[in-house]
Amino acid sequence: MASRRVSSLLSRSLSPYLTSSPVGRSSCIRRGLPKYSTAAAIDEPITPPVDINYTKLLINGKFVDAASGKTFHTVDPRNGKVIADVAEGDAEDVNRAVSAARKAFDEGPWPKMTAYERSKILLKFADLIEKHNDAIAALETWDNGKPYEQAANIEIPMVARLFRYYAGWADKIHGLTVPADGPYHVQTLHEPIGVAGQIIPWNFPLLMFSWKVGPALACGNTVVIKTAEQTPLSALYVANLFHEAGLPPGVLNVISGYGPTAGAALCSHMNVDKLAFTGSTSTGKLVLELAAKSNLKPVTLELGGKSPFIICEDADIDLAVETAHFALFFNQGQCCCAGSRTFVHESIYDEFVAKAKARAASRSVGDPFKQGIEQGPQIDPEQFNKILRYIRSGVDSGATLETGGDKLGSKGYYIKPTVFSDVTDDMLIAQDEIFGPVQTILKFKSIEEVIRRANASEYGLAAGVFTQNLDTANTISRALRAGTVWINCYDIFDAGIPFGGYKMSGIGREKGIYSLQNYLQVKAVVTALKNPAWL
């Protein structure tokens, strides 16, 4: 098996710089960091020891070519070379996939199975994810550029955990009996919504797959999911595992392709009953518009962010520096909830900046398949060049460039970890979602001031607070207009914790019990009673 080949060549144990999962189990504080240098040369990339067997569209249980016969390149961000040619789905393929999903929902066995039977398939799929963990992680790293240790030891195990979580919910979804003012029996039914159209991003391909597919299937729906054109490989691989687990044909359909063609067709389709999208706020607006102009299908959106990370004067500075560093630089900074506005109290500002600079300068950047690497390349040339433009904007606007500020090496899309100090709220680097390894450090004087400034953003996805004072933590966390507030930690993503944003960061919540509401309809059934013994 490919996973065994990967395991023999790539150690699955986390390197010493990680003492716990950064995306969630118990803590996000890391101690005893070894010091690496970003100045090290980027060597010739390691050849990933995994085979690519799935590059076609999955429609009605079969891997098929696109109707047009077109393919597109998926590219290795370490060097810009082509990994594979993948089927390029468009409107015709979306039609085929939606027809398969509609038939599977209206006529197939999936919604008519007992919830327990559906849960067993989800549990078997989770077991297969664990069995193929290393191969899946290698595909994720190869296609995306994220550190292999992050993918293999954190993200892919979380995918299995999420599907087990939703398998547990499958047979616990039920309605209520409601008292009425008269001789009536009233019950509510929680019914699957139908065909769910889902569009996932490139920064966490399989985690976003699990956040969307898990609750949809647990509720008895069928799915058509469009992957990001930058990262199509891992979803196609695991879709095959779903059928090995016993998922009926047509229940899950996977379309690879581009947003303006395949994505727009899915959003506009009259036989899609619900949409879920993760991506940029600008694209989210288009998704909402297309849904409204077609059949007014409900939409959940998980969009952009410019999350504040507030470090109070009583904070343990060393822990705050490390946590703020992780909050921003995790996943190459390509994280919608990155703590990208680091607010530091003026009494500790200079010390914090000096230590943040030193930590960023010691961050290990290189081939993500190498053990001990903390940061790989950015996803593609577009994102790479956008980040560099923001860095130039920061310099031009008068912020102090403490470290980094340029590309690393001559191949691939590597950027040096960058830290700006003396940042003010009116600068673009303090307002826009950069989506890269650029930390901006701002100064504040009082709690009232930092709350006002933290909320002065069009986004409201997440926030962090670092303090030893419980009253301060409660005051700030309740005042911040953000969907998640982490106190003395960051990026804790347990399966049961809901995630979503205020304002232009989205609509609705994913994960936890709240995500089930996205994939259910509530029906009231009222029956007249004759001579009831009681009401």
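In strand β22, V522 is the bridge partner of H190. The model is predicted, so to speak of local features requires pLDDT of at least 70 and side-chain atom pairs count only at pLDDT 80 or more, while totals for chains, interfaces and linings use all residues. Residues are numbered from 1 along each chain as its sequence is written, and side-chain values use heavy atoms, with hydrogens and water left out.Strand β6 (residues 184-192) and β22 run antiparallel and are joined by nine bridges. Strands here are DSSP runs of E with at least two residues, and helices are runs of H or I with at least four, both numbered from the N terminus. Two strands pair if DSSP finds at least two bridges between them.

The open sheet has three strands in the order β5-β6-β22, with antiparallel pairing. Because β5 (177-178) and β22 (520-528) each have a single partner strand, they stand at the edges, and one side of each is left without a neighbour in the sheet.

## Aromatic pairs

The whole structure contains 20 aromatic pairs. Rings of Phe, Tyr and Trp (its six-membered ring) pair if their centres lie within 6.5 Å; planes under 30 degrees apart count as stacked, over 60 as edge-to-face and the rest as tilted. F309 and Y490 form a tilted pair, at 5.6 Å centre to centre and 55° between the planes. F309 belongs to strand β12 (residues 308-311) and Y490 to the loop between β19 (484-487) and β20 (502-503), so this pair ties together parts 181 residues apart in sequence.

The rings of Y490 and W486 also form a tilted pair, with centres 4.5 Å apart and planes at 50°. Both F309 and Y490 are buried, where buried means under 20% relative accessible area, exposed over 50% and partly exposed in between (1.4 Å probe, protein chains only). The relative accessible area is 0% for Y490 and 5% for W486, which is buried. Ring pairs link a cluster of W211, F309, F466, W486, Y490, F493 and F499.

## Charges over rings

K511 lies over the face of W211, 5.3 Å from the ring centre. K443 lies over the face of Y349, at 4.9 Å from the ring centre. The criterion is NZ of Lys or CZ of Arg within 6 Å of the ring centre and within 35 degrees of the ring normal.

## Helix α3

Helix α3 (residues 115-131) has 17 residues and reaches 25 Å from its first C-alpha to its last, close to the 24 Å expected at 1.5 Å a residue. The expected span is 1.5 Å times one less than the number of residues.

The buried residues of α3 are R118, S119, I121, L122, F125, A126, L128 and I129. An α-helix has 3.6 residues a turn, so residues three or four places apart point the same way. The cover over the buried residues of α3 includes α4 (133-144), α5 (148-169), α6 (205-218) and α7 (233-244), with contact meaning heavy atoms within 4.5 Å.
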